[in-house]
Amino acid sequence: MDEKVYIYGDEFGTSSMNLQAQNEVSHFVYSAIVVSESNLKKAYEVRDYISKNFFQGQKIRSKSRAIKKIDKRLKALQYLSNNLDFKIYTVVVDKSKIESKGLQIKEVFYKYFQKIFASNIISDYQIFEIYVDELISEEYKQEMYSYLNKNLSIQSLFSNYKMVDDKNEVLVQLADLVAGSLGRVFAHSHYVKEASDIVDVLISKMTPPEYFPYRYQVPTTSKSTNSSSILVTRFVINDVILYINQNSKLDPKVDLLKFLYFCFRINPNQLVDVHSIQGTLSRLHKNITVEQIRTLIRDLRYDGILVVTAAGRSGYKLAKDENDISAYFNHYLNYVKPMLRKMEVASNKLKKLDVDNHLMDSQKFLLLKQLINVSEKF
(Lines give C-alpha, C1' and ligand atoms only; values in the text may rest on other atoms or scores of the structure.)
Protein backbone atom coordinates (compact mmCIF):
# COMPACT_ATOMS: atom_id res chain seq x y z
CA MET A 1 0.00 0.00 0.00
CA ASP A 2 1.28 3.47 -0.91
CA GLU A 3 2.39 5.64 1.99
CA LYS A 4 0.36 8.75 2.70
CA VAL A 5 2.02 12.07 1.82
CA TYR A 6 1.52 15.59 3.11
CA ILE A 7 1.73 18.43 0.61
CA TYR A 8 2.44 22.04 1.68
CA GLY A 9 2.20 24.87 -0.84
CA ASP A 10 2.85 28.60 -1.00
CA GLU A 11 3.45 31.21 -3.69
CA PHE A 12 5.93 33.88 -4.70
CA GLY A 13 4.53 36.92 -6.50
CA THR A 14 1.01 38.18 -7.11
CA SER A 15 -1.73 37.97 -9.71
CA SER A 16 -1.23 41.62 -10.72
CA MET A 17 -0.66 42.18 -14.44
CA ASN A 18 0.69 45.70 -13.97
CA LEU A 19 4.24 44.63 -14.74
CA GLN A 20 5.44 48.22 -15.10
CA ALA A 21 4.70 48.98 -11.45
CA GLN A 22 7.71 49.39 -9.18
CA ASN A 23 8.79 46.13 -7.53
CA GLU A 24 6.08 44.15 -9.35
CA VAL A 25 7.05 40.49 -9.83
CA SER A 26 7.38 39.34 -13.44
CA HIS A 27 6.48 35.70 -12.72
CA PHE A 28 4.11 33.95 -10.37
CA VAL A 29 5.89 30.96 -8.81
CA TYR A 30 3.95 28.35 -6.86
CA SER A 31 5.94 25.71 -4.99
CA ALA A 32 5.00 22.80 -2.81
CA ILE A 33 7.01 20.40 -0.72
CA VAL A 34 5.85 16.80 -0.41
CA VAL A 35 6.68 14.88 2.77
CA SER A 36 5.82 11.25 3.41
CA GLU A 37 4.01 10.39 6.63
CA SER A 38 7.06 8.57 8.00
CA ASN A 39 9.09 11.79 7.66
CA LEU A 40 6.48 14.13 9.10
CA LYS A 41 7.92 14.27 12.62
CA LYS A 42 11.35 15.01 11.18
CA ALA A 43 9.86 17.80 9.04
CA TYR A 44 8.58 19.61 12.14
CA GLU A 45 11.99 19.24 13.80
CA VAL A 46 13.74 20.68 10.72
CA ARG A 47 11.25 23.55 10.56
CA ASP A 48 11.88 24.38 14.24
CA TYR A 49 15.66 24.25 13.76
CA ILE A 50 15.54 26.61 10.78
CA SER A 51 13.23 28.99 12.64
CA LYS A 52 15.50 29.07 15.69
CA ASN A 53 18.85 29.31 13.89
CA PHE A 54 18.00 31.50 10.91
CA PHE A 55 14.87 33.48 11.90
CA GLN A 56 15.45 34.18 15.61
CA GLY A 57 12.70 31.72 16.50
CA GLN A 58 10.11 33.60 14.42
CA LYS A 59 7.95 32.47 11.53
CA ILE A 60 9.90 31.36 8.45
CA ARG A 61 9.29 33.84 5.66
CA SER A 62 11.26 34.00 2.45
CA LYS A 63 11.04 37.81 2.35
CA SER A 64 12.26 38.17 5.94
CA ARG A 65 15.20 40.49 6.52
CA ALA A 66 16.73 37.67 8.58
CA ILE A 67 17.87 35.98 5.34
CA LYS A 68 18.29 39.08 3.22
CA LYS A 69 21.93 38.12 2.75
CA ILE A 70 22.03 35.38 0.16
CA ASP A 71 24.63 33.31 2.01
CA LYS A 72 22.28 32.94 4.99
CA ARG A 73 19.39 31.96 2.69
CA LEU A 74 21.60 29.34 1.09
CA LYS A 75 22.59 27.93 4.48
CA ALA A 76 18.94 27.65 5.51
CA LEU A 77 18.08 25.91 2.24
CA GLN A 78 21.11 23.64 2.59
CA TYR A 79 20.03 22.57 6.07
CA LEU A 80 16.53 21.85 4.77
CA SER A 81 17.85 19.84 1.83
CA ASN A 82 20.38 17.87 3.86
CA ASN A 83 18.11 16.97 6.76
CA LEU A 84 14.71 16.20 5.26
CA ASP A 85 13.58 13.73 2.62
CA PHE A 86 11.05 15.59 0.47
CA LYS A 87 10.16 16.56 -3.09
CA ILE A 88 9.53 19.98 -4.63
CA TYR A 89 6.83 20.67 -7.22
CA THR A 90 6.74 24.05 -8.93
CA VAL A 91 4.49 25.96 -11.33
CA VAL A 92 6.12 28.96 -13.06
CA VAL A 93 3.77 31.50 -14.67
CA ASP A 94 5.14 34.12 -17.06
CA LYS A 95 2.61 36.89 -16.48
CA SER A 96 3.80 38.87 -19.51
CA LYS A 97 2.44 36.12 -21.77
CA ILE A 98 -1.03 35.91 -20.26
CA GLU A 99 -3.58 37.11 -22.83
CA SER A 100 -6.79 35.78 -21.31
CA LYS A 101 -8.97 38.54 -19.85
CA GLY A 102 -10.34 36.07 -17.33
CA LEU A 103 -6.92 35.36 -15.84
CA GLN A 104 -6.51 39.07 -15.16
CA ILE A 105 -9.13 38.71 -12.42
CA LYS A 106 -7.37 37.88 -9.15
CA GLU A 107 -9.80 35.21 -7.97
CA VAL A 108 -9.85 33.46 -11.35
CA PHE A 109 -6.05 33.63 -11.60
CA TYR A 110 -5.51 31.85 -8.29
CA LYS A 111 -8.17 29.22 -8.99
CA TYR A 112 -6.77 28.39 -12.40
CA PHE A 113 -3.19 27.93 -11.28
CA GLN A 114 -4.21 26.10 -8.12
CA LYS A 115 -5.93 23.62 -10.42
CA ILE A 116 -2.73 23.15 -12.45
CA PHE A 117 -0.68 22.83 -9.27
CA ALA A 118 -3.03 20.32 -7.65
CA SER A 119 -3.48 18.19 -10.77
CA ASN A 120 0.29 17.93 -11.30
CA ILE A 121 1.00 16.72 -7.79
CA ILE A 122 -1.90 14.50 -6.90
CA SER A 123 -1.54 12.47 -10.09
CA ASP A 124 1.65 11.06 -8.49
CA TYR A 125 0.08 10.02 -5.19
CA GLN A 126 -2.79 7.83 -4.01
CA ILE A 127 -3.22 9.01 -0.42
CA PHE A 128 -2.53 12.64 0.43
CA GLU A 129 -3.44 15.77 2.31
CA ILE A 130 -2.81 19.23 0.84
CA TYR A 131 -2.22 22.36 2.92
CA VAL A 132 -1.83 25.70 1.15
CA ASP A 133 -1.46 29.20 2.51
CA GLU A 134 -4.88 30.84 2.63
CA LEU A 135 -5.70 33.68 0.24
CA ILE A 136 -8.12 36.61 0.03
CA SER A 137 -11.05 35.65 2.29
CA GLU A 138 -13.08 32.89 3.91
CA GLU A 139 -15.69 33.22 1.16
CA TYR A 140 -13.02 32.79 -1.50
CA LYS A 141 -11.68 29.73 0.34
CA GLN A 142 -15.06 28.03 -0.07
CA GLU A 143 -15.17 29.06 -3.73
CA MET A 144 -11.74 27.49 -4.25
CA TYR A 145 -12.85 24.22 -2.64
CA SER A 146 -15.92 24.11 -4.89
CA TYR A 147 -13.95 24.98 -8.01
CA LEU A 148 -11.30 22.29 -7.48
CA ASN A 149 -13.87 19.63 -6.66
CA LYS A 150 -15.68 20.46 -9.88
CA ASN A 151 -12.60 20.66 -12.12
CA LEU A 152 -10.41 17.84 -10.82
CA SER A 153 -11.39 14.21 -11.23
CA ILE A 154 -10.35 13.33 -7.69
CA GLN A 155 -12.86 11.93 -5.25
CA SER A 156 -13.12 13.59 -1.84
CA LEU A 157 -10.59 16.30 -2.71
CA PHE A 158 -12.54 18.67 -0.47
CA SER A 159 -11.61 16.73 2.66
CA ASN A 160 -7.97 16.41 1.55
CA TYR A 161 -7.36 20.02 0.49
CA LYS A 162 -7.16 22.73 3.13
CA MET A 163 -6.33 26.44 2.95
CA VAL A 164 -4.70 27.29 6.27
CA ASP A 165 -2.91 30.02 8.18
CA ASP A 166 0.79 29.17 8.23
CA LYS A 167 0.88 30.05 11.93
CA ASN A 168 -1.32 27.04 12.55
CA GLU A 169 0.22 24.69 10.00
CA VAL A 170 3.87 25.67 10.24
CA LEU A 171 5.19 23.35 7.53
CA VAL A 172 3.61 25.69 4.99
CA GLN A 173 6.43 28.02 6.03
CA LEU A 174 8.95 25.64 4.47
CA ALA A 175 7.04 25.92 1.20
CA ASP A 176 7.22 29.72 1.58
CA LEU A 177 11.00 29.52 1.91
CA VAL A 178 11.30 27.29 -1.16
CA ALA A 179 8.85 29.31 -3.29
CA GLY A 180 10.54 32.60 -2.44
CA SER A 181 13.96 31.17 -3.21
CA LEU A 182 12.86 29.72 -6.56
CA GLY A 183 11.22 33.06 -7.30
CA ARG A 184 14.74 34.47 -7.30
CA VAL A 185 15.59 31.90 -9.95
CA PHE A 186 12.59 32.03 -12.28
CA ALA A 187 11.27 35.60 -11.96
CA HIS A 188 13.19 38.00 -14.19
CA SER A 189 12.28 40.90 -11.93
CA HIS A 190 13.86 39.30 -8.85
CA TYR A 191 16.58 37.15 -10.40
CA VAL A 192 19.81 37.09 -8.39
CA LYS A 193 23.30 36.29 -9.59
CA GLU A 194 23.40 33.45 -7.05
CA ALA A 195 20.42 31.75 -8.74
CA SER A 196 22.58 28.83 -9.82
CA ASP A 197 23.65 28.34 -6.18
CA ILE A 198 19.99 28.11 -5.14
CA VAL A 199 19.40 25.51 -7.83
CA ASP A 200 22.50 23.59 -6.76
CA VAL A 201 21.09 23.28 -3.23
CA LEU A 202 17.54 22.29 -4.24
CA ILE A 203 18.02 20.39 -7.50
CA SER A 204 18.11 16.93 -5.91
CA LYS A 205 14.64 17.54 -4.46
CA MET A 206 13.04 19.15 -7.53
CA THR A 207 10.71 17.59 -10.06
CA PRO A 208 10.67 19.32 -13.49
CA PRO A 209 8.69 22.58 -13.14
CA GLU A 210 5.41 23.10 -14.98
CA TYR A 211 5.54 26.25 -17.11
CA PHE A 212 2.73 28.51 -18.26
CA PRO A 213 2.68 29.06 -21.14
CA TYR A 214 3.97 25.59 -21.96
CA ARG A 215 7.65 25.27 -22.84
CA TYR A 216 8.62 22.91 -25.62
CA GLN A 217 10.67 19.87 -24.65
CA VAL A 218 12.89 17.94 -27.04
CA PRO A 219 11.35 14.46 -27.34
CA THR A 220 13.33 11.64 -25.78
CA THR A 221 13.66 8.38 -27.69
CA SER A 222 14.00 6.28 -24.55
CA LYS A 223 13.45 6.63 -20.84
CA SER A 224 16.70 4.81 -20.17
CA THR A 225 20.01 6.66 -20.25
CA ASN A 226 22.68 4.84 -22.24
CA SER A 227 26.42 5.14 -21.78
CA SER A 228 26.93 7.38 -24.83
CA SER A 229 24.35 9.88 -23.52
CA ILE A 230 26.09 9.96 -20.15
CA LEU A 231 29.40 10.52 -21.93
CA VAL A 232 27.99 13.44 -23.97
CA THR A 233 26.37 15.06 -20.92
CA ARG A 234 29.55 14.75 -18.85
CA PHE A 235 31.68 16.18 -21.67
CA VAL A 236 29.36 19.15 -22.31
CA ILE A 237 28.93 20.03 -18.62
CA ASN A 238 32.67 19.79 -17.93
CA ASP A 239 33.25 22.09 -20.91
CA VAL A 240 30.66 24.55 -19.58
CA ILE A 241 32.14 24.63 -16.07
CA LEU A 242 35.66 25.08 -17.48
CA TYR A 243 34.45 27.97 -19.64
CA ILE A 244 32.72 29.67 -16.69
CA ASN A 245 35.79 29.31 -14.47
CA GLN A 246 38.26 30.54 -17.10
CA ASN A 247 36.39 33.62 -18.29
CA SER A 248 35.63 36.96 -16.67
CA LYS A 249 32.67 37.10 -14.31
CA LEU A 250 31.75 40.38 -15.99
CA ASP A 251 31.36 38.71 -19.40
CA PRO A 252 27.63 38.44 -20.28
CA LYS A 253 28.39 35.14 -22.06
CA VAL A 254 29.31 33.68 -18.67
CA ASP A 255 26.00 34.77 -17.13
CA LEU A 256 24.12 33.41 -20.13
CA LEU A 257 25.93 30.09 -19.84
CA LYS A 258 25.24 29.91 -16.10
CA PHE A 259 21.54 30.40 -16.81
CA LEU A 260 21.49 27.70 -19.50
CA TYR A 261 23.42 25.41 -17.15
CA PHE A 262 20.97 25.49 -14.28
CA CYS A 263 18.03 25.27 -16.71
CA PHE A 264 19.72 22.14 -18.02
CA ARG A 265 20.04 20.76 -14.51
CA ILE A 266 16.35 21.35 -13.84
CA ASN A 267 15.25 19.72 -17.10
CA PRO A 268 17.88 18.80 -19.75
CA ASN A 269 15.23 18.35 -22.46
CA GLN A 270 13.58 21.76 -22.16
CA LEU A 271 14.25 24.63 -24.54
CA VAL A 272 14.46 28.09 -22.98
CA ASP A 273 13.08 30.83 -25.21
CA VAL A 274 15.22 33.87 -25.98
CA HIS A 275 12.82 36.27 -24.24
CA SER A 276 13.13 34.32 -20.98
CA ILE A 277 16.90 34.52 -21.30
CA GLN A 278 16.68 38.25 -22.01
CA GLY A 279 14.45 38.90 -19.01
CA THR A 280 16.81 37.02 -16.72
CA LEU A 281 20.03 38.60 -17.99
CA SER A 282 18.52 42.10 -17.91
CA ARG A 283 18.79 41.95 -14.12
CA LEU A 284 22.56 41.66 -14.53
CA HIS A 285 23.10 43.51 -17.82
CA LYS A 286 20.68 46.41 -18.16
CA ASN A 287 18.96 46.95 -21.53
CA ILE A 288 20.33 43.77 -23.08
CA THR A 289 18.38 42.98 -26.28
CA VAL A 290 17.16 39.80 -27.96
CA GLU A 291 19.61 40.36 -30.81
CA GLN A 292 22.46 40.70 -28.33
CA ILE A 293 21.39 37.40 -26.74
CA ARG A 294 21.51 35.69 -30.12
CA THR A 295 24.95 37.18 -30.75
CA LEU A 296 26.17 35.86 -27.38
CA ILE A 297 24.89 32.39 -28.26
CA ARG A 298 26.64 32.62 -31.63
CA ASP A 299 29.87 33.58 -29.87
CA LEU A 300 29.52 30.72 -27.38
CA ARG A 301 29.19 28.34 -30.31
CA TYR A 302 32.32 29.82 -31.89
CA ASP A 303 34.01 29.14 -28.55
CA GLY A 304 32.99 25.48 -28.85
CA ILE A 305 30.04 25.40 -26.41
CA LEU A 306 27.34 23.06 -27.73
CA VAL A 307 24.19 25.19 -27.46
CA VAL A 308 21.44 23.48 -29.46
CA THR A 309 17.97 24.27 -30.71
CA ALA A 310 15.23 22.17 -32.29
CA ALA A 311 14.04 22.43 -35.88
CA GLY A 312 11.00 24.67 -36.15
CA ARG A 313 11.11 25.56 -32.45
CA SER A 314 12.13 28.64 -30.53
CA GLY A 315 14.61 28.27 -27.71
CA TYR A 316 18.02 27.01 -26.68
CA LYS A 317 19.57 24.44 -24.38
CA LEU A 318 22.84 22.62 -23.79
CA ALA A 319 23.45 19.36 -25.62
CA LYS A 320 22.51 16.30 -23.60
CA ASP A 321 23.05 13.26 -25.86
CA GLU A 322 23.92 12.08 -29.35
CA ASN A 323 20.51 13.17 -30.65
CA ASP A 324 21.26 16.73 -29.55
CA ILE A 325 24.70 16.57 -31.20
CA SER A 326 23.09 15.35 -34.42
CA ALA A 327 20.52 18.15 -34.23
CA TYR A 328 23.31 20.68 -33.70
CA PHE A 329 25.09 19.75 -36.93
CA ASN A 330 21.91 19.20 -38.94
CA HIS A 331 20.83 22.72 -37.99
CA TYR A 332 23.84 24.14 -39.80
CA LEU A 333 23.70 21.65 -42.67
CA ASN A 334 20.25 23.01 -43.47
CA TYR A 335 21.99 26.28 -44.33
CA VAL A 336 25.21 24.86 -45.77
CA LYS A 337 23.74 22.32 -48.24
CA PRO A 338 21.69 24.85 -50.26
CA MET A 339 24.76 27.10 -50.47
CA LEU A 340 26.92 24.22 -51.70
CA ARG A 341 24.23 23.34 -54.23
CA LYS A 342 24.31 26.89 -55.63
CA MET A 343 28.11 26.67 -55.90
CA GLU A 344 27.83 23.37 -57.75
CA VAL A 345 25.38 24.86 -60.26
CA ALA A 346 27.68 27.86 -60.82
CA SER A 347 30.66 25.52 -61.21
CA ASN A 348 28.91 23.54 -63.95
CA LYS A 349 28.28 26.79 -65.78
CA LEU A 350 31.93 27.80 -65.47
CA LYS A 351 33.12 24.48 -66.88
CA LYS A 352 32.10 25.76 -70.34
CA LEU A 353 34.46 28.71 -69.87
CA ASP A 354 37.12 26.42 -68.49
CA VAL A 355 37.43 24.25 -71.60
CA ASP A 356 40.13 26.45 -73.18
CA ASN A 357 41.77 28.52 -70.43
CA HIS A 358 41.66 26.12 -67.43
CA LEU A 359 40.43 28.92 -65.18
CA MET A 360 39.29 26.51 -62.47
CA ASP A 361 42.82 25.09 -62.11
CA SER A 362 43.98 28.37 -60.58
CA GLN A 363 45.02 28.39 -56.92
CA LYS A 364 42.28 30.95 -56.33
CA PHE A 365 39.70 28.27 -57.03
CA LEU A 366 41.32 25.42 -55.10
CA LEU A 367 39.04 25.79 -52.05
CA LEU A 368 36.04 26.18 -54.32
CA LYS A 369 36.79 22.89 -56.08
CA GLN A 370 37.18 21.13 -52.72
CA LEU A 371 33.82 22.44 -51.53
CA ILE A 372 32.15 21.40 -54.77
CA ASN A 373 33.57 17.90 -54.35
CA VAL A 374 32.03 17.81 -50.88
CA SER A 375 28.65 19.03 -52.14
CA GLU A 376 28.48 16.21 -54.70
CA LYS A 377 28.44 13.70 -51.82
CA PHE A 378 25.12 15.00 -50.46
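Buried means under 20% relative accessible area, exposed over 50%, and partly exposed in between, with a 1.4 Å probe and protein chains only. The model is predicted, so local features need pLDDT of at least 70 and side-chain atom pairs count only at pLDDT 80 or more, whereas totals for chains, interfaces and linings use all residues. Residues are numbered from 1 along each chain as its sequence is written, and side-chain values use heavy atoms, with hydrogens and water left out.

**Figure 1. Overview of the protein chain.** The protein chain has 13 helices and eight strands; these are DSSP runs numbered from the N terminus, helices being H or I with at least four residues and strands E with at least two. Of its 378 residues, 49% are buried. The accessible surface comes to about 20200 Å², and 50% of this belongs to carbon and sulfur atoms; such areas come from the Shrake-Rupley method with a 1.4 Å probe, and for residues only the protein chains shown count as cover. Among contacts (heavy atoms within 4.5 Å) with a separation of 6 or more, 72% join residues 24 or more positions apart.

**Figure 2. Surroundings of isoleucine 33.** Isoleucine 33 has its place in strand β2 (residues 27–36) and counts as buried, at 0% relative accessibility. Beyond its neighbours within four places in sequence, isoleucine 33 is in contact with Tyr6, Ile7, Tyr8, Phe86, Lys87, Ile88, Leu171, Leu174, Ala175 and Val178. Isoleucine 7 is 26 residues from isoleucine 33 in sequence, while their C-alpha atoms are 5.8 Å apart in space.

**Figure 3. Packing of helices α9 and α11.** Helix α9 (residues 252–266) packs with helix α11 (residues 290–302) at an angle of about 85°, and their axes are 10 Å apart. That makes α9 roughly perpendicular to α11, a class that covers 65 to 115 degrees, with angles under 35 counted as roughly parallel, over 145 as roughly antiparallel and the rest as oblique. Axes are lines fitted to C-alpha atoms, for helices over the stretch in contact, and angles run from 0 to 180 degrees between N-to-C directions. Pro252, Lys253, Leu256 and Leu257 in α9 meet Ile293, Leu296, Ile297, Asp299 and Leu300 in α11.

**Figure 4. Salt bridges.** Side chains of opposite charge can pair when their charged atoms come close. A salt bridge is a side-chain nitrogen of Lys or Arg within 4 Å of a carboxyl oxygen of Asp or Glu, and by this rule the count comes to twelve. In one of them, arginine 265 pairs with aspartate 200, the closest N and O atoms being 2.3 Å apart. Arginine 265 lies in helix α9 and aspartate 200 in helix α7 (residues 195–202), so the pair ties together parts that are 65 residues apart in sequence. Arginine 265 is partly exposed at 31% relative accessibility, and aspartate 200 is partly exposed at 38%. Arginine 47 and aspartate 48 also meet in a salt bridge (3.0 Å, N to O); arginine 47 is buried at 11%, whereas aspartate 48 is partly exposed at 42%. Asp94, Lys97 and Asp273 are linked in a network of salt bridges.

Figure 5. Tyr332, Tyr335, Val336 and Met339 form a nonpolar patch on the surface, together having about 390 Å² of accessible area. Patches are made of residues with over 30% relative accessible area and no salt bridge, like charges being joined within 9 Å and nonpolar side chains (Val, Leu, Ile, Met, Phe, Trp, Tyr) within 5 Å. Tyrosine 332 has its place in helix α12 (residues 322–357) and counts as partly exposed, at 32% relative accessibility.
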